[in-house]
Amino acid sequence: MIHRAQQDKKFVILNDQHEPLASATLISQQGQDRIFELTSTPMCNLQELPAINVLSINSPEFMAWRGRVQGLREDRLYFRADERIDSRLRRHLRIEMAFRSHIYPVKGSGPRLPIVSKDISCGGVAFYSSVPLSVGQTYEIALPCTEPPLLVKIEVLHVLSAEQKLFACQFCDLLPQEEAMIQECIFEYDLHHHGA
C-alpha cells in the first residue's frame, strides 16, 4: 500500500559526515522506498554516494533513515531506506552560527545581557557573554535565527573559556514545535552556508 505524505514534511539530506547536501519534501513512501521532491540543488551528485542520511526537520515526529539513492529524475529523488536513524543524531548535530542576541534572567530581576553565538544544535547553544555566568544558572534567550524568532529557556552547562566568557548552554522545556523550528533553522542555515 502506498502512503501519501503531507506536502509540508521537510527533510534534509546529509552525507555520512553529517554535512547537509540538499533539502526535500517527502512525496510518498511504500515499504522501504521513499520518493522525495528536491527543494534545493544538491551540493554533489547524490547518486555517487554509497549512502545518504535523510532526516525530518519540521515535524515533532522524528523520521530519519540511512540508505541509498535508487535514482534521480528531474527534481525527484528515489530513495531506499536501509535502516532507521536514532533521534539523538538530530539533537547533537552542531553547526557554527554567529548571531547577536540577548539573554534574560529567569529568576529574580536583572538587565538583559548581550551575547554573540558561536554554535547551535537542537540541544543547545554556545555563546560569548558580556559578563561571566555560572554553571546551573537559567536564562531565556532570544533566537533571531528562527522564523518567527523564539524566546526559549536555557541552562548554563559548561564554562568553555572563562577568559573569553564562552559558555555552553542546553535548551530546557522546549515544545515539539519549538524544537522543530530550531532544527529547520539549523539545517537550512547550514545548507545555504555550507562551504561558504
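Is Phe 79 buried or exposed, and with what relative accessible area? Phe 79 is buried, at a relative accessible area of 1%; buried means under 20%, exposed over 50%, partly exposed in between, with a 1.4 Å probe and protein chains only.

A word on the source. This is a predicted model, where local features need pLDDT of at least 70 and side-chain atom pairs count only at pLDDT 80 or more, while totals for chains, interfaces and linings use all residues. Residues are numbered from 1 along each chain as its sequence is written, and side-chain values use heavy atoms, without hydrogens and water.

Now the rings. There are 3 aromatic pairs in the structure; rings of Phe, Tyr and Trp (its six-membered ring) pair if their centres lie within 6.5 Å, with planes under 30 degrees apart counted as stacked, over 60 as edge-to-face and the rest as tilted. Phe 11 and Phe 36 pair edge-to-face, 5.2 Å centre to centre with 70 degrees between the planes. Phe 11 is in strand β2 and Phe 36 in strand β4, so this pair ties together parts 25 residues apart in sequence. Strands here are DSSP runs of E, at least two residues, numbered from the N terminus. Phe 36 also pairs edge-to-face with Phe 79, at 6.1 Å and 70 degrees. Phe 79 sits in strand β7, so that pair ties together parts 43 residues apart. Phe 36 is buried, at 0%.

Phe 11, Phe 36, Trp 65 and Phe 79 make up one aromatic cluster. Over the face of Trp 65 lies Arg 34, 4.2 Å from the ring centre; the criterion is NZ of Lys or CZ of Arg within 6 Å of the ring centre and within 35 degrees of the ring normal.

Conventions:
Helices (H or I, at least four residues) and strands (E, at least two) are DSSP runs, numbered from the N terminus.
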